[in-house]
Amino acid sequence: MPRPASPARPLFAEVVDLLRASGCVFAEEEAQLLLSEAAGSEELAAWIDRRVSGEPLECIVGWAGFSGLRIAIDPGVFVPRRRTELVVSEAVALLREDLAVGGRPGIVVDLCCGSGAVGVAVASQVPVRELHAADIDSAAVQCARRNLAAVAGQVHQGDLYAALPSRLRGQVQLIVVNAPYVPTDVLPTMPLEARIHEPRSSLDGGPDGLDLHRRIIGDAPTWLDLTGRLVIETSERQAAGTAAIMGAAGLSAQIVYSEELDGTVVVGAPRLK
Ligand SMILES: C[S@@+](CC[C@H](N)C(=O)[O-])C[C@H]1O[C@@H](n2cnc3c(N)ncnc32)[C@H](O)[C@@H]1O
């Protein structure tokens, strides 16, 4: 690392300069965080090296802020994005509506859970009877286990619903999902930080980005209870596609967009026959 440890300059300014020179857009905020979290000058230097080489800040300090919580993040685990807080707020609103009309806390599933941020945030805001989270990646599963311990949730490893205990079939009140939805040919245009430090399997959604959505939505009706709901993140551009997949699976679909979070979700519910 270039270390211009000029005694005349405050450390903060030096760290900001190094981060800015490497292309960090929020160099001041990042410098502040690195300085406040590092245990000493050796760790600080190592962290600056890692950040300058493009590793996400959250993997370096070991946590991400999400829905007002500190979520533990391990290297190689997808860093939860602010736009995904829309999945949480929609899910919490639906669960509160159910409770308001006399419903009991039910079973919530966070599919493609990564760090488990979405499930933890939901269960922190509204009572749930059981929280289950699942991911195919072992690093994500280990990380999610640490995070879900705070809300007594269970984490399973495997391919989508195959990871879940079969007793949950037809019993789930709410499925929350932020699955990969980046079209394969868009991956090379993504920021270096995501391309190099987040596994491709956490981003790649296939040719139109909706491969995982087809599988998740297609099987959702067999896991949801009669009044269950599915809240799935998508992009503004892909929302109509995600909603059409819901229609084909016999679910009603409502597209919700938040300008503040720059997030889009589709909320699905089984249609009454
Ligand atoms: C975009 S990341 C989102 C993680 C987390 N939901 C969040 O919002 O922070 C997608 C996650 O889906 C997982 N994943 C990809 N394919 C999967 C599959 N077939 N079954 C289960 N999980 C999968 C990845 O390992 C990754 O953790």
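Because the model is predicted, local features need pLDDT of at least 70 and side-chain atom pairs count only at pLDDT 80 or more, whereas totals for chains, interfaces and linings use all residues.

Let me begin with the ligand. Which residues are the closest to the ligand? Of the 17 residues that surround it, the closest are Cys112, Asp135, Asp159, Leu160 and Asn178, where a residue belongs to the surroundings if one of its heavy atoms lies within 4 Å. A backbone N or O atom of Cys112 lies 2.8 Å from a nitrogen atom of the ligand, and a polar side-chain atom of Asp159 is 2.7 Å from a ligand nitrogen atom. Asn178, for its part, has a polar side-chain atom 2.9 Å from an oxygen atom of the ligand. Taken alone the ligand exposes 600 Å², and the protein buries 95% of that, the areas coming from the Shrake-Rupley method with a 1.4 Å probe. By class, the shell holds eight nonpolar, six polar and three charged residues; here Ala, Val, Leu, Ile, Met, Phe, Trp, Tyr, Cys and Pro count as nonpolar, Asp, Glu, Lys and Arg as charged, and the others, Gly among them, as polar.

Ile216 and Cys112 are 104 residues apart in sequence, yet 9.8 Å apart in space, C-alpha to C-alpha. Is Ile216 buried or exposed? Ile216 is buried, because its relative accessible area is 0%, and buried means under 20%, with over 50% called exposed and anything in between partly exposed (1.4 Å probe, protein chains only). Leaving out residues up to four places away in sequence, Ile216 touches Leu111, Cys112, Leu160, Tyr161, Val177, Ala179, Leu230 and Ile232, a contact being heavy atoms within 4.5 Å.

Now to the cores. A nonpolar core is a set of buried Ala, Val, Leu, Ile, Met, Phe, Trp, Tyr and Cys residues joined through side-chain atoms within 4.5 Å. The largest has 35 residues, of which Leu174, Val176 and Val231 touch the most other members. Among the elements that each supply at least two residues are strand S1 (63-66), helix H5 (85-100) and strand S6 (172-177), and H5 gives the most, with seven. Apart from this core lies another, of 28 residues, among them Tyr161, Leu164, Ile217 and Ile245.

Glu30 sits in helix H2 and counts as buried because its relative accessibility is 10%; beyond neighbours within four places in sequence, Glu30 is in contact with Leu19, Cys24, Arg51 and Leu57. Glu198 is placed in the loop between helix H8 (192-197) and H9, and counts as buried at 4% relative accessibility. Its side chain makes a polar contact with the side chain of Arg81, at 2.8 Å; such a contact is a pair of N or O atoms within 3.5 Å, where within protein one must be able to donate a hydrogen and the other to accept it, and residues adjacent in sequence count only if both atoms are side-chain atoms.

Definitions and conventions
Residues numbered from 1 in each chain as written. Heavy atoms only, no water. Helix = DSSP H or I, 4+ residues; strand = E, 2+ residues; numbered from the N terminus.
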